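Let's take a walk through this one, a stop at a time. Have the viewer open and follow along.

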Amino acid sequence: MTTSGPDDSFHVFDTTLRDGAQREGINLTVADKLTIARHLDDFGVGFIEGGWPGANPRDTEFFARAKNEITFKNAQLVAFGATRRPGAAAENDPQVAALLDSGAPVVTLVAKSHDRHVELALRTTLEENVAMVRDTVSHLRSQGRRVFVDCEHFFDGYRANPEYAKSVVRAASEAGADVVILCDTNGGMLPAQIQAVVATVLADTGARLGIHAQDDTGCAVANTLAAVDAGATHVQCTANGYGERVGNANLFPVVAALELKYGKQVLPPGALAEMTRISHAIAEVVNLTPSTHQPYVGVSAFAHKAGLHASAIKVDPDLYQHIDPGLVGNHIRMLVSDMAGRASIELKGKELGVDLGDDRELVGRVVERVKERELKGYTYEAADASFELLLREEAEGRALSYFRTESWRAIVEDRPDGTHANEATVKLWAKGERIVATAEGNGPVNALDRALRVGLERIYPQLAKLELVDYKVRILEGKHGTESTTRVLITTGDGEGDWSTVGVGENVIAASWQALEDAYTYGLLKAGVEPAE
Ligand SMILES: CC(=O)SCCNC(=O)CCNC(=O)[C@H](O)C(C)(C)COP(=O)(O)OP(=O)(O)OC[C@H]1O[C@@H](n2cnc3c(N)ncnc32)[C@H](O)[C@@H]1OP(=O)(O)O
Ligand SMILES: CC(=O)C(=O)O
């Protein structure tokens, strides 16, 4: 393993704000772009490609504002644009002028390197395309800019006409481009192909090479690392793999691999431990739910479900983890389900702070109860709070009880004008008092939730902070001729955290009531209230 500092010998180049923004469903404002640029700079990437100045007013404004509003600690800002138009001088090309006007110290030029693209898309000669690359790089260099050249469709072009593809790389490098990036623009390549081509082009041209891999075969990260194996020293990636079509090489697994598997220091010290936070923060800004199964940073990246895994993890977490999750700012989670064994329950108990001692019989009882209830449709991996209540009930020998339900009723009234009125009545016992409360709601479950709250809030004022955050219903298929059942998952929050509870019943209202009872019980437990019953 080698160790080198985050210096110019290896570039982590981020193109979230340019190629990432080309993903369907992402529509960034200038303010969003500035926020993402700050996150990427905090993370410590060396280059942030901000967009294509001159192509649209938003990108032009981004460069104007970034210059004044961000003091970059680690990154240099990069403007992206095309080579000059065929038959025109680079110094007279308005889009080349816009690159200079952006004030960015670095420019990435996209250039054609596939003969077919030159003839069909650019509609010019192969010689003129090479001249376009050479002239534009020389002009930008003469204006004091550092230049990188993205050779679009390089790998397809190399397959069709390797000598021409290499002549474009040579032209760019000889004209003063610091790095020539070989792009798998259509994303169709596989790692072995990338590795072979990068090694040959490096040997034949002597140019400094980079890699830009689209993810159309699901190999963009592997292709990026294969290029590094072959000698590329500049990787272009996007946060969370956002990008045109299915996306680009994901920045996070690429830098994690470089730092943790290759032993290359490509980020400032300590930055890798911020990776999970930065990944999620950028997902928030682009308004996409973070992928739970993303390598390294997903909430499931270190979540263990199988009983056998848990039993080994109890001895040493490394037995079922490729790295310590703390290295990337993530953490281990134990999941409880019908695949759990004793070890899963013991580890989950520890995670929840419930002392199970060395009571094998108690742990065995919990395993049995979880399996039996999961068979009926409960799911505890998605309902930590319901599981904790079950665990405490077994550990303490009685259910935690703040209130007791005598009965509940929900009524939906269909009115002649087509509207519906929803009303619920709950009859409860709490601290020796019988409570009858009625409330209306925008649906029967909402009415029940309100009635429960109206009834209990006087006795437990802590409930005022609680809020229903999410509600999910799933109809579970009946097995062997039995009726289907309904499962409800409710997420509740108190402003400081969220918890999930589950209910299963013959109908959606009965299942919801169970999940609500657990939600309020857990809320009171979390608020430190002593059980009353
Ligand atoms: C692989 C990639 O992802 S590269 C990044 C692609 N990103 C984008 O396209 C987003 C921003 N793009 C835009 O806003 C617009 O496409 C613009 C402003 C760049 C150009 O818009 P327009 O001039 O209206 O033309 P259009 O979008 O149809 O692009 C085609 C033109 O670009 C030229 N072109 C295509 N590739 C290149 C290249 N590498 N170098 C120079 N010119 C090129 C074509 O020859 C064509 O020129 P023509 O109009 O003279 O026939
Ligand atoms: C430059 C670029 O985005 C590509 O070739 O895919």
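Which residues surround ligand 2? They are Asp 19, Val 110, Asp 150, Glu 152, Cys 183, Thr 185, His 212 and Gln 214, counting a residue when its C-beta atom, placed from the backbone, lies within 6 Å of the molecule. This is a predicted model, where local features need pLDDT of at least 70 and side-chain atom pairs count only at pLDDT 80 or more, while totals for chains, interfaces and linings use all residues. Residues are numbered from 1 along each chain as its sequence is written, and chains are lettered from A and ligands numbered from 1 in the order in which they are written.

Next, look at helix α14 (residues 360–376). Val 363, Val 366 and Val 370 are buried there, meaning 20 or more other C-beta atoms lie within 10 Å of their own, whereas exposed means 12 or fewer and partly exposed is in between, with C-beta atoms placed from the backbone. The buried residues of α14 fall within an arc of 55° seen down the axis, so they line one face of the helix; the arc is taken over directions from the helix axis to the C-beta atoms. On the face turned away sit exposed residues, including Arg 360, Glu 368 and Lys 376. Just after α14, Gly 377 takes a positive phi of about 120°.

Notes. Helices (H or I, at least four residues) and strands (E, at least two) are DSSP runs, numbered from the N terminus.
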